[in-house]
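Morning, everyone. Let me put today's structure on the screen and walk you through it.

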Amino acid sequence: MNEEQAVLDFFSKAENLPLGLSVAQLMDEVRVRMNNQFWQQLLPLIETSLQQTRAEWVISATEDRNTHSELLGLHFNLTSNQEIYLRPMIEQQLMGGVWRIYFGLIWSGTPSPAHLNLPEVGLLKTALEKAGLKHNENFPGWQWTKLYPRRRDFLLRLSNDPQTLLEEAAKPLHSLLADFGVALAETNAALRSAPHSMAISLDQLRSRKPAQSSE
């Protein structure tokens, strides 16, 4: 009998079940706490890299709309007052009962047909697609990472070697900005001059998650 089976047998006994349920609930709270710590630690790491590239972005943490004490990711915001633009983001999504991290570019609000028909928008979308990123109406480019923020292996890495894990998590965004930063800046400049449209809230836009797809 292996160790895991022995633990399962122990907590399956009627006299040990209350203890097992209490431990499980506490561990769920530990997972949430460590999940928040991950996003809190990732934010300054990415901010430091942005300072080095002098990018005109500020980053804010994304909270769960239903549980504001839980963080779900990071969104970039232009320092200007521009209403409609494309922003880098990295966030976790619950798919099939498992949390997974994805990243990409998301609209800051609802683009108008005039926005969508800009040559710069089309060129950027095509370049992202050629690079292997997925897309839909809200995300001109997005992709899954290999990180599952509440799984055992992730949490052990976060506890034992957080710097390496954080650098791995930040790498997709660094690559995105390195490869498409110039095109993104040109696209947002073009969007700044395009006619304005009625914009929905960020919460409404975030509710439209990427559809589940195969690897």
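Predicted model: local features only at pLDDT ≥ 70, side-chain atom pairs only at ≥ 80, totals over all residues.

The overall layout. The protein chain has seven helices and five strands. Reading from the N terminus, the order is α-α-β-β-β-β-α-α-β-α-α-α. There are 215 residues in the protein chain, and 42% of them are buried. Now contacts. Take those between residues at least 6 apart in sequence: 62% of them join residues at least 24 apart. As for surface, the protein chain exposes about 12,300 Å². Carbon and sulfur atoms supply 54% of that area.

On to helix 4. It covers residues 119-130, 12 residues in total.

Which residues of helix 4 are buried? They are V121, L124 and L128. Look down the axis of helix 4: the buried residues fall within an arc of 70°, so they line one face of the helix. On the other side of helix 4 you find P119, L123 and K130, which are exposed.

What do the buried residues of helix 4 pack against? Three strands are on the list: strand 3 (86-95), strand 4 (98-107) and strand 5 (141-144). Two helices join them: helix 3 (113-116) and helix 6 (162-193). After helix 4 comes G132. Its phi is positive, near 100°.

Now the surface. There is a nonpolar patch of about 400 Å². F10, L19, V23, M27 and V30 make it. Helix 2, residues 17-53, gives the largest share of the patch: four residues. Take V23, which lies in helix 2.

Last stop, T110. Where is T110 placed? In the loop between strand 4 and helix 3. T110 has a relative accessible area of 28%, so T110 is partly exposed too. T110 and I84 are 26 residues apart in sequence. In space, their C-alpha atoms are 7.3 Å apart.

To recap helix 4: V121, L124 and L128 are buried, while P119, L123 and K130 are exposed on the other side. That's it from me.

Note on methods
Residues numbered from 1 in each chain as written. Heavy atoms only, no water. Expected span 1.5 Å × (residues − 1). Buried < 20%, exposed > 50% of the residue type's maximum accessible area, 1.4 Å probe, protein only. Arc of directions from axis to C-beta. Contact = heavy atoms within 4.5 Å. Patch = residues over 30% accessible without salt bridge, like charges linked within 9 Å, V, L, I, M, F, W, Y side chains within 5 Å. Areas by Shrake-Rupley, 256 points an atom, 1.4 Å probe, with all protein chains shown as cover. Salt bridge = Lys/Arg side-chain N within 4 Å of Asp/Glu carboxyl O.
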